[in-house]
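Please keep the sequence and the structure in view while reading.

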Amino acid sequence: MSIAFIGLGSMGHHMAANLLKSGRPVHVWNRSPEPVRALAAQGAKPAATPAECGIADVVFTMLADDAATRAVLLDGGVLAAMAPGSIHVNMATVSVAFAREMAALHVERGVGYVAAPVLGRVDVAQAGKLNILAGGSDELIARVQPLFDLMGQTTWRFGSAPEQANAVKLACNLMLACAIEATGEGAALARAHGVAAGDFVDLVTSTLFAGSPVYKGYGGMIAEQRYSPAGFKLSLGLKDVRLAVEAGRDKGLPLAFGATLQATLQDAVAQGDADLDLAALGKHAARRGGLKG
């Protein structure tokens, strides 16, 4: 089984590196060449074009959004180059509508399609401990499960329709962003009354939200006003919340928190926070009240 990995950003680079542990050939392509060179030094096979990756039995993509995936997969010729019976595993966070469209296009070409977005930041990807949310047929997922095991600690199954996994990922990211916004607002409220943000975060992560990596991790970043380097950019958080709101609207389900948070994220981007970590929601909450940081 030959493997290809397209999209070697902060997450994809580590995921592809872990696939090299399979001992199988791993073809890699990225828009910028630096990650390709780094992986080539570890034994990966550089591809000159994304279409060259289509020769692999299993093609993984980890790209920024719908548009980037479409540009590489369709305009870049990857899907056209894939042989019937091969499998495309899309590990990006994309819209439910796009996942549905992709599944149909793959069926037309006789190519398997699995949606497998992930939970975990860069350090988790590097350690091969991601949680993988998989949607697709049991047979296809069984074929790629040994590869999932190299990148993740648990594979969570969410239905035979690939877009179901994408819906779950968007729901997760909506909850994550809401939790960060709540922590930022709580910390700002405490600070406005003369209480150190660190003391507030210590309290809630030791009592109400004890054991939660979200409140502890992001709360610590907010307390320390540590928003870069970004493990998960605020601009990507905005994209995911927008997609969650759209997915709800598609089913006649209004997401009140989601719509409010989308507007808040848009304002934070307008204030110059797009490339900061999503934890910068805490910075934005403080800024709205005239607090520094």
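Two strands pair if DSSP finds at least two bridges between them. Helices (H or I, at least four residues) and strands (E, at least two) are DSSP runs, numbered from the N terminus. The model is predicted, so local features need pLDDT of at least 70 and side-chain atom pairs pLDDT 80 or more, while totals for chains, interfaces and linings use all residues. Residues are numbered from 1 along each chain as its sequence is written, and side-chain values use heavy atoms, leaving out hydrogens and water.

**The sheet**

Six strands form an open sheet in the order S3-S2-S1-S4-S5-S6, with parallel pairing. S3 and S6 stand at the edges with a single partner strand each, so one side of each has no neighbour in the sheet. Two parallel bridges join S2 and S3; Val28 has Pro46 in S3 as its bridge partner. Helix H1 (residues 12–19) packs on the sheet and touches S1, S2 and S4 (contact: heavy atoms within 4.5 Å). The direction of H1 makes about 170 degrees with that of S1, where axes are lines fitted to C-alpha atoms, for helices over the stretch in contact, and angles run from 0 to 180 degrees between N-to-C directions.

**Helices H3 and H5**

The axes of H3 and H5 come within 11 Å and cross at roughly 15 degrees. The two helices are therefore roughly parallel (an angle under 35 degrees). Their contact involves these residues:

| Helix | Residues in contact |
|---|---|
| H3 (residues 66–75) | Asp66, Thr69, Arg70, Leu73, Leu74 |
| H5 (residues 96–109) | Phe98, Glu101, Met102, Leu105, His106 |

Terms used. Angles under 35 degrees count as roughly parallel, over 145 as roughly antiparallel, 65 to 115 as roughly perpendicular and the rest as oblique.
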